[in-house]
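Take a moment to turn the model around on your screen before reading on. The notes below go through it piece by piece, starting with one term.

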Amino acid sequence: MLHGMSTTVEPLSERSAAEVNEEIRALWLRSGGTLTTEQREEYQRLVLEWAAAAPDPVGVA
């Protein structure tokens, strides 16, 4: 059975990519370079938020 999934990307926050990147860096510093399962889930959420906030590349073929 297939489940209906939305294919539209909704912004996760109004933060800039730089702000989200700072949070990602802080997470890595707090973890000492090794993420727990819970931290890994937070990292994945932050990366998706960062990607949504990052400006579209210009001139990419």
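First, a word you'll meet a lot here: a residue is called buried when its relative accessible area is under 20%, exposed when that value is over 50%, and partly exposed in between. Keep in mind as you read that this is a predicted model.

## Helix H2 and its two sides

With that term in hand, look at helix H2, where the buried residues are Gln39, Leu46 and Glu49. If you look down the axis of H2, these buried residues fall within an arc of 85°, so they line one face of the helix. Part of what covers the buried residues of H2 is H1.

The face turned away from the buried side carries Thr37, Glu41 and Leu48, which are exposed. As for length, H2 has 17 residues and reaches 24 Å from its first C-alpha to its last, close to the 24 Å expected at 1.5 Å a residue.

Which residues of H1 are buried? They are Ala17, Val20, Ile24, Leu27 and Ser31. Around the axis they cover an arc of only 80°, which puts them on the same side of H1. What do the buried residues of H1 pack against? Their packing partner is H2.

Over on the other side of H1 you'll find Ala18, Glu22, Leu29 and Arg30, which are exposed. The length checks out as well: at 1.5 Å a residue, the 15 residues of H1 should span 21 Å, and its end C-alpha atoms are 21 Å apart, which agrees.

## Where H1 ends

Let's zoom in on Ser31, which lies in helix H1, residues 17–31. Ser31 counts as buried because its relative accessibility is 15%, and the cut-off for buried is under 20%. What does the side chain of Ser31 reach? It reaches the backbone oxygen of Trp28, at 2.9 Å. Just after H1 comes Gly32, which takes a positive phi of about 75°.

## A pair of rings

Trp28 turns up again here. How many aromatic pairs does the structure hold? There is one. The rings of Trp28 and Tyr43 have their centres 5.5 Å apart and their planes at 75°, so the pair is edge-to-face.

A search of the whole structure finds four salt bridges. One of them brings together the side chains of Glu49 and Arg15, at 2.9 Å from N to O. That pair links distant parts of the chain: Glu49 is in helix H2 and Arg15 is in the segment before H1, 34 residues apart. The two partners sit in rather unlike surroundings. Glu49 is buried, with a relative accessible area of 3%, whereas Arg15 is partly exposed at 28%.

The side chains of Arg45 and Glu23 also meet in a salt bridge, this one at 4.0 Å from N to O. Here too the pair links distant parts of the chain, with Arg45 in helix H2 and Glu23 in helix H1, 22 residues apart. Both count as partly exposed, Arg45 at 39% relative accessibility and Glu23 at 24%. Then there's Glu49 again, which forms a salt bridge with Arg45, the closest N and O atoms being 3.5 Å apart. Glu49 and Arg45 both lie in helix H2, four residues apart, which is about one turn of the helix. Salt bridges that share partners join Arg15, Glu23, Arg45 and Glu49 into one network.

Definitions and conventions. Residues numbered from 1 in each chain as written. Predicted model: local features only at pLDDT ≥ 70, side-chain atom pairs only at ≥ 80, totals over all residues. Heavy atoms only, no water. Buried < 20%, exposed > 50% of the residue type's maximum accessible area, 1.4 Å probe, protein only. Polar contact = N/O pair within 3.5 Å; in protein donor to acceptor, adjacent residues only side chain to side chain. Phe/Tyr/Trp six-rings, centres within 6.5 Å; stacked < 30°, edge-to-face > 60°. Expected span 1.5 Å × (residues − 1). Arc of directions from axis to C-beta. Contact = heavy atoms within 4.5 Å.
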